[in-house]
Amino acid sequence: MKTRCQQWIDDPENHEAHLLECDSCRTRAEELSQVDRSLSASVVEPGGSIASLVTDRLPVATWEGARHRAWGLTLLVIALITLLTAGLFAWVGIPPAEGIADSAQSAYGGPESAALLSDSVGAFLRNAPRSFHAMILLAFLTVNFILLALLRRPPRGYDVRSR
Amino acid sequence: MPERKTLDDRALVASILAGERDRFGELVARYEKRIINYVYRVTRRWEEAHDLTQEIFTKVYLALDRYDPKFQFSTWIFRIAQNASIDALRKKSIAEVSLTRQGDDESDGKEWQFADVGVSPYRDLKNKELAAAIDKAVEGLPADYRELIQLRHFGELSYEEIAAMTRLPLGTVKNKLFRARNLLKDELAHFSEPL
């Protein structure tokens with residue numbers, strides 16, 4: 001069975017009453033309090049708060065990514081790309097719905113149909129007028145510009161050193 | 001501007017996760033002193049502790065969605081701080097950390113040398129001698145005692161929080177802290193007055 005002194009040592013907070021009856025433990029407690037005071041006094045007070053320093057440099061966390069994504073703009077771009085694709089199909093004389101359906105089928109229809117489409121597209125491109133190539137280049141640049149815009153940096157990024 | 005309601009840690013984390021990003025500053029303000037003091041005690045360099053504390057808060061923010069509100073936020077953040085401090089120490093060479101033990105042949109006369117702690121508010125303390133003695137005494141403690149002292153007195157964690165963080169039984173934490181403080185008392189016995 002534990003002595004009362006040992007009980008106080010094991011759990012001083014719950015056996016404080018023991019100090020009233022034991023000179024030895026009371027002396028020890030006073031000495032330990034002095035140690036605690038010394039330790040407390042050696043706690044450093046930071047010169048200033050780093051809160052603004054930290055928050056100004058906070059990166060966008062993965063969990064808040066969705067909030068920063070411009071969903072309206074994303075949907076608009078998807079719609080524009082669809083329209084552009086349909087326009088291109090219509091321009092070369094393929095009904096847009098049929099062209100998109102064929103493309104989708106070739107994408108999921110196995111390597112043979114993909115190769116077939118690739119060959120036919122290749123043949124078409126080889127014979128296409130210069131204006132079509134210019135249009136493709138313009139569309140490529142436009143789409144990539146929009147995608148870059150969608151990947152815009154967060155307003156307060158980790159890599160922003162000064163404001 | 002309307003005054004914001006003071007939230008407890010869990011509610012504050014929930015509000016940040018819900019989109020109140022700027023409230024993270026409140027969380028930083030709440031813990032910065034404790035974290036910086038704790039990290040300083042582990043890394044032994046004030047400037048490094050300052051920078052590392054900022055990194056720790058950034059890590060905390062990035063991982064905020066992984067905090068489980070079933071547990072105390074304080075133990076979670078201090079675990080991140082502890083891991084980051086240990087990682088920082090590991091990255092440094094032993095010479096840089098400068099914990100050089102001398103006189104191993106005389107086991108009782110152990111001496112520890114510390115690197116220059118750099119520009120520190122310690123310099124402003126009246127009794128530099130005692131401050132240095134506390135540093136030395138804490139550093140001279142066995143590793144498990146030292147860890148508990150750092151968490152208790154510099155991280156200002158409760159016994160329960162320390163037990164949760166270290167996964168030690170509460171009684172063991174109390175007992176080890178008692179023994180650690182006793183060792184410190186002996187080491188600091190020649191100082192009659194606290195700081």
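Guide: Chain B has nine helices and two strands, and its elements run α-α-α-α-α-β-β-α-α-α-α from the N terminus. Chain A has eight helices and zero strands. This is a predicted model, in which local features need pLDDT of at least 70 and side-chain atom pairs count only at pLDDT 80 or more, while totals for chains, interfaces and linings use all residues. Residues are numbered from 1 along each chain as its sequence is written, and chains are lettered from A and ligands numbered from 1 in the order in which they are written.

Visitor: What makes a stretch a helix or a strand here?

Guide: Both are DSSP runs, numbered from the N terminus: a helix is a run of H or I with at least four residues, and a strand is a run of E with at least two.

Visitor: How do you know that the span of α3(B) agrees with its number of residues?

Guide: The expected span is 1.5 Å times one less than the number of residues. For the 17 residues of α3(B) this should give 24 Å, and the end C-alpha atoms are 24 Å apart, so the two agree. Helix α7 of chain A, residues 111-127, also has 17 residues and reaches 24 Å from its first C-alpha to its last, close to the 24 Å expected.

Visitor: Why is α7(A) said to lie largely in the open?

Guide: A residue is buried if 20 or more other C-beta atoms, placed from the backbone, lie within 10 Å of its own, exposed if 12 or fewer do, and partly exposed in between. Of the 17 residues of α7(A), the number buried is zero, and the helix therefore lies largely in the open. Buried residues make up 7% of the 163 residues in chain A and 34% of the 195 residues in chain B.

Visitor: Which residues of α3(B) are buried, and what covers them?

Guide: The buried residues of α3(B) are W46(B), E48(B), A49(B), H50(B), L52(B), T53(B), I56(B), F57(B), V60(B) and Y61(B). Their cover includes α3 (51-56) of chain A together with α2 and α4 of chain B.

Visitor: Why are α2(B) and α3(B) called oblique to each other?

Guide: Their axes come within 8 Å and cross at roughly 135 degrees. Axes are lines fitted to C-alpha atoms, for helices over the stretch in contact, and angles run from 0 to 180 degrees between N-to-C directions. Angles under 35 degrees count as roughly parallel, over 145 as roughly antiparallel, 65 to 115 as roughly perpendicular and the rest as oblique. The angle of α2(B) and α3(B) falls in the rest, and the pair is therefore oblique.

Visitor: Which other pair of helices is described as oblique?

Guide: Helix α4 (residues 73-91) and helix α8 (residues 159-166) of chain B pack at about 50 degrees, with their axes 9 Å apart; α4(B) and α8(B) are therefore oblique as well. The contact is made by S74(B), T75(B), F78(B) and R79(B) of α4(B) and E161(B), A164(B) and M165(B) of α8(B). Here two residues are in contact if their C-beta atoms, placed from the backbone, lie within 7 Å.

Visitor: How many residues of the two chains are in contact?

Guide: In chain B, 39 residues are in contact with 32 residues of chain A. The largest share of the side of chain B that touches chain A, nine residues, comes from α2(B).

Visitor: What makes K70(B) exposed?

Guide: K70(B), in the loop between α3 and α4 of chain B, has 6 C-beta neighbours inside 10 Å and so counts as exposed. K70(B) and R10(B) are 60 residues apart in sequence and 9.2 Å apart in space, C-alpha to C-alpha.

Visitor: What is noted about the phi of E156(B) and of R167(B)?

Guide: Most residues other than glycine have a negative phi. E156(B), however, has a positive phi near 55 degrees, and R167(B) has a positive phi of about 60 degrees although it is not a glycine. E156(B) lies in the loop between α7 and α8 of chain B, and R167(B) in the loop between α8 and α9.

Visitor: Are these two residues buried, partly exposed or exposed?

Guide: With 17 other C-beta atoms within 10 Å, E156(B) is partly exposed. R167(B), with 6 such atoms, is exposed.
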